[in-house]
Amino acid sequence: MGAIERLAISKNGFVFDPATGNSYTVNSTGLFILNLLREGKSEDEIVDALVENFEVSQEEARRDLLDFLEQLRVNGLLEASNV
Amino acid sequence: MKRPYEKPVINKLKVNFMNKFGTGTFSLSKKVRKEIEGVPVEKLVEEFGSPLFVFSEKRLRQKFREVKNAFTLRYPNVEFSWSYKTNYLDAICAILHSEGETAEVVSEFEYEKARRLGVPGNKIIYNGPYKPISSLKTAVEEGARINIDHFEEISDLEEVAKELGVKVKVGIRLNMDTGIKPQWSRFGFNLESGQALDAVKRIAAGGVLELCGLHCHIGTFILDPSAYEKEVKKLVDFAYKVEDEFGFKIEYLDIGGGFPSKNRLRGVYLPPDVAVPSIDEFAEKICGALLSSLRPGDYPKLILESGRAIVDEAGFLITTVHASKRMPDGRRAYILDAGVNVLFTAFWYHFNIEIDREVVGPSEPCILYGPLCMNIDVVDDDVNLPPLPRGTKLIISPVGAYNVTQWMQFIRYRPGVVLIGENGSVELIREAEDLSDIVRREKLPERLKVKWEE
Ligand SMILES: Cc1ncc(COP(=O)(O)O)c(C=O)c1O
């Protein structure tokens, strides 16, 4: 099971990794992305979903998504091959 | 309508998750412990050295009575039998025997230790998968209760019975599905497969053994009281089957141990006060299951072999900060004078870690390493501590169960153990080891004597 799947994510953006005991907070956009990642959605699908649900351009959403994935990797929550 | 956008961020929380529940926070007032049962930590170390195991007689007796009351108030025929492997220091066993516990042993060594302490054979329960036939003979002669683990042991006991010309009362150990994983199916006879019934048939056919008890131990640190409810119902059903079909009378149901202590298992992030059910919850399920499934007027003896739940919280380990390090990943680490050599349960638990003095400075996640020159020697890999000066004492608890039996003489000597009596007296109950303890059994062939040429 990948790191993303094992996370306990609460509705208010509290994230807990049972493997390490680390916990995190995510904002609502981050939470939105995390949930899509857990559903196995691709980068393109996530960008589309962001644009559809939030007031954000395709370009900005894509750039921010990459940045967010980088944050997940730094925290050991995402393997390089996951997306 | 589209939602307003905010750049996605995830932040690691510096303090640990448990803050939410009000524990685990490094609150100075809570995590400083200058004394144990009124005796200053400083004084204990001055007199007995560091590291040092410290047991509280008061806590031990209180806990035992709490557990005992939970059951005796709910069922009329209860026996507690002290699981020697959990802690077989003479002083600890003697305290529990004085509270009325019999002895539950799983080897000839433990059997001999109980006898030496003055426990009569008929107050000993002899369990375990390996019982040499000579020890079975002694146990039979001295009237110990024996719970049989396998078919070979049935034969061994029949041999002993014939040799001594007596009919021997025995119990059999069962294993079963109670929903607990892993299932301890390597011990005793499996219930669901029919093996247990085969064992009863085998005993009946032999004609020299009399089945009078059923034993089971479903696992350790069980957090689900309803597992015991299943265990008890299955035991009672089986007991009646045995009574009705074979004419044996089942006099005791020994449900083993397995109740948790207020310790925090690795991988469980809830504080023990939340995660660990109270002993009353276990007693309620167990006694409720008994009373609802036993026939009217039938009260076979309920035997409990609780170990960890009784002694764990009575034990503390004082250890000293020897050095500190900054790891390449930025984390702070400390080197202590006690490690997994004496704290076997560090592999299972995140202990409660207290310091002996007020220390100013922000807490940060730290690693606690033991003194061994071995990579496995990690007491805790994630504990929040302020910057600790060299010489700070840490008080680690609960450590009363399984450590002073499973500790290893490895690399370092094993430390002393003291008991704080109910009146505050401090008595040494096991001296710290020295070289003589380790070399006593060694023999160096004359020809190998070490001599250095000048
Ligand atoms: C047969 C038996 N009884 C009792 C115990 C004590 O268990 P606990 O310390 O979990 O109560 C054990 C431990 O393994 C055991 O094997």
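**Salt bridges in a predicted model**

Reader: What is the relative accessibility of B:Lys233?
Author: This is a predicted model, in which local features need pLDDT of at least 70 and side-chain atom pairs count only at pLDDT 80 or more, while totals for chains, interfaces and linings use all residues. Residues are numbered from 1 along each chain as its sequence is written, chains are lettered from A and ligands numbered from 1 in the order in which they are written, and side-chain values use heavy atoms, leaving out hydrogens and water. Buried means under 20% relative accessible area, exposed over 50%, and partly exposed in between (1.4 Å probe, protein chains only). B:Lys233 counts as partly exposed, at 35%.

Reader: Which residue forms a salt bridge with B:Lys233?
Author: A salt bridge is a side-chain nitrogen of Lys or Arg within 4 Å of a carboxyl oxygen of Asp or Glu. Here the closest N and O atoms are 4.0 Å apart. Both residues lie in helix H9 (residues 225–246) of chain B, 4 residues apart, so about one helical turn separates them; helices (H or I, at least four residues) and strands (E, at least two) are DSSP runs, numbered from the N terminus. The partner is B:Glu229.

Reader: How many residues apart in sequence are the parts tied together by B:Arg59 and B:Glu37?
Author: The side chains of B:Arg59 and B:Glu37 meet in a salt bridge of 3.7 Å, N to O. B:Arg59 is in helix H3 (residues 57–72) of chain B, whereas B:Glu37 is in the loop between strands S2 (35–36) and S3 (39–40), so the separation is 22 residues.

Reader: Is B:Glu243 buried or exposed?
Author: B:Glu243 pairs with B:Lys249 in a salt bridge of 3.0 Å, N to O. At a relative accessible area of 15%, B:Glu243 is buried.
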